[in-house]
Amino acid sequence: MFPAGQLASTCHPYMIIAYRAGHKMKVSNLPVTEVKTGLDIPAGGVTFEWLRQAEDASLHRDQEVHTVAGVYGGQPFSVIEEFNFWRGKPELAEAVAAIKALTAVIKRSEASTMMGLEIELRNASDALKAWDETSISLTAGCNLFLRYVTRTSAVEYEDIAAGKARLIERGERFGEISQKARRTIAMLGQDFVHDGCTILTHGFSRVVLALLKLATANGKRFSVICTEGRPDNTGAEVAKELLSVGIPVTLILDSGVAYMMEKVDMVLVGAEGVVESGGIINMLGTYQAALVARTMNKPVYVAAESYKFARLFPLDQRDMSPSPRHVDFAEPIPPEVTVENSARDYTPPQYLTLLFTDLGVLTPSAVSDELIQLYL
């Protein structure tokens, strides 16, 4: 058994540590591409109830009270407005905001049957997904919420009030678990940060920031290299966050990744979505950083919440829904010039080392197994 804090990159190339939230696992001697997770999972597979119990053993519970009627002063309820209310809170991801909005739909529903309530909930979910078709985490969050909430004996209740109360309870529990996911990932991932290391990150990710802040709070000393992150200047935002807790930061141009890679010990990025192949969809430039890191034998770690696991299987860079971003140039661009302004790219699983998730530390090949458990 390796110590819990040992880096996967320092292990034998055919051995890897498998973790679960709050538990150190057995070591497999299979090739990395064949490592299976779930060695200590309950017989029924990974469940949100199991995850809740594991998290409750190590995390402090925090809840935020919010009444739907109090937000709009009794005005007609809108799931989009409710979603935007929660999305306006900087600490909440889009998927969690959607979960809270859909829970509010259940609370405000006037359906007289459980079937009617489920139809109303699905319609609200479809409205959210249609409101922003480019958001992978929003779509995945809505889909997982429906699977989790409606997968209950409440649909068999003849008493609509009892069934509705059961769904509300499950919805609020799912929201709590999703909010805790970031801290669970930070607890797992910070074991892979060691003293004196240099970490390259690309894009603004709340979960990556939480991981790095927890590592420095636990006394680890390391430095971070941030890419500029054009056109949104995400690197400057990340630099400010890290400097506020005393982490040394170097800001580089997006084109300087290969130039700086020899100084890097690991690459750590977030993800907009984790797809069925075990690859990720993230801010444009993630793919090139992973390519360079792979060429120079640097591990690439991804920190992503399980509500970003999406039932997608892109085959190449064009096999994704478009997500254009406005780009400003210092010099005027002739109208005949075509500007490629995609906001994200796809990084195939073979360029990733491990994914830090609230379901545990996973190899890319294990992601499909977790998706099956989540969407059953």
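The legends below describe close-up views of a predicted model.

Residues are numbered from 1 along each chain as its sequence is written, and side-chain values use heavy atoms, with hydrogens and water left out. Local features need pLDDT of at least 70 and side-chain atom pairs count only at pLDDT 80 or more, while totals for chains, interfaces and linings use all residues.

**View 1. Phe83 and Trp131 form an aromatic pair.**
The structure holds six aromatic pairs. Rings of Phe, Tyr and Trp (its six-membered ring) pair if their centres lie within 6.5 Å; planes under 30 degrees apart count as stacked, over 60 as edge-to-face and the rest as tilted. The ring centres of Phe83 and Trp131 are 5.6 Å apart and the planes stand at 75 degrees, so this pair is edge-to-face. The two residues are 48 apart in the chain, with Phe83 in helix 3 (residues 79-87) and Trp131 in helix 5 (residues 114-131). Helices (H or I, at least four residues) and strands (E, at least two) are DSSP runs, numbered from the N terminus. Phe83 is buried at 0% relative accessibility, whereas Trp131 is partly exposed at 38%. Buried means under 20% relative accessible area, exposed over 50%, and partly exposed in between (1.4 Å probe, protein chains only).

**View 2. Further ring arrangements are an aromatic cluster and a charge over a ring.**
Phe192, Tyr301 and Phe356 make up one aromatic cluster. The charged end of Lys100 sits over the ring of Trp86, 4.7 Å from the ring centre. A charge counts as over a ring if NZ of Lys or CZ of Arg is within 6 Å of the ring centre and within 35 degrees of the ring normal.

**View 3. Glu172 and Lys107 form a salt bridge.**
A salt bridge is a side-chain nitrogen of Lys or Arg within 4 Å of a carboxyl oxygen of Asp or Glu, and the count by this rule comes to eight. In the pair Glu172 and Lys107, the closest N and O atoms are 2.9 Å apart. Glu172 lies in helix 7 (residues 160-189) and Lys107 in helix 4 (residues 94-108), so the bridge ties together parts 65 residues apart in sequence. Glu172 is partly exposed, at 36%, and Lys107 is partly exposed, at 37%.

**View 4. Arg344 and Glu272 meet in a salt bridge.**
The N to O distance is 3.2 Å. Arg344 is in strand 10 (residues 344-347) and Glu272 in the loop between strand 6 (266-269) and strand 7 (273-274), so the pair ties together parts 72 residues apart in sequence. Arg344 is buried, with 6% relative accessibility, whereas Glu272 is partly exposed, with 26%.

**View 5. Glu241 of helix 9 and Lys213 of helix 8 are linked by a salt bridge.**
The closest N and O atoms of Glu241 and Lys213 are 2.7 Å apart. Lys213 belongs to helix 8 (residues 206-217), and the two residues are 28 apart in the chain. Glu241 is partly exposed at 29%, as is Lys213 at 26%. The buried residues of helix 8 include Leu209, Leu212 and Thr216. Gly219, with a positive phi near 90 degrees, follows helix 8.

**View 6. Thr234 is found in helix 9 (residues 234-243).**
Thr234 is buried, with a relative accessible area of 8%. Leaving aside neighbours within four places in sequence, Thr234 is in contact (heavy atoms within 4.5 Å) with Gly203, Phe204, Glu228, Gly229 and Met283.
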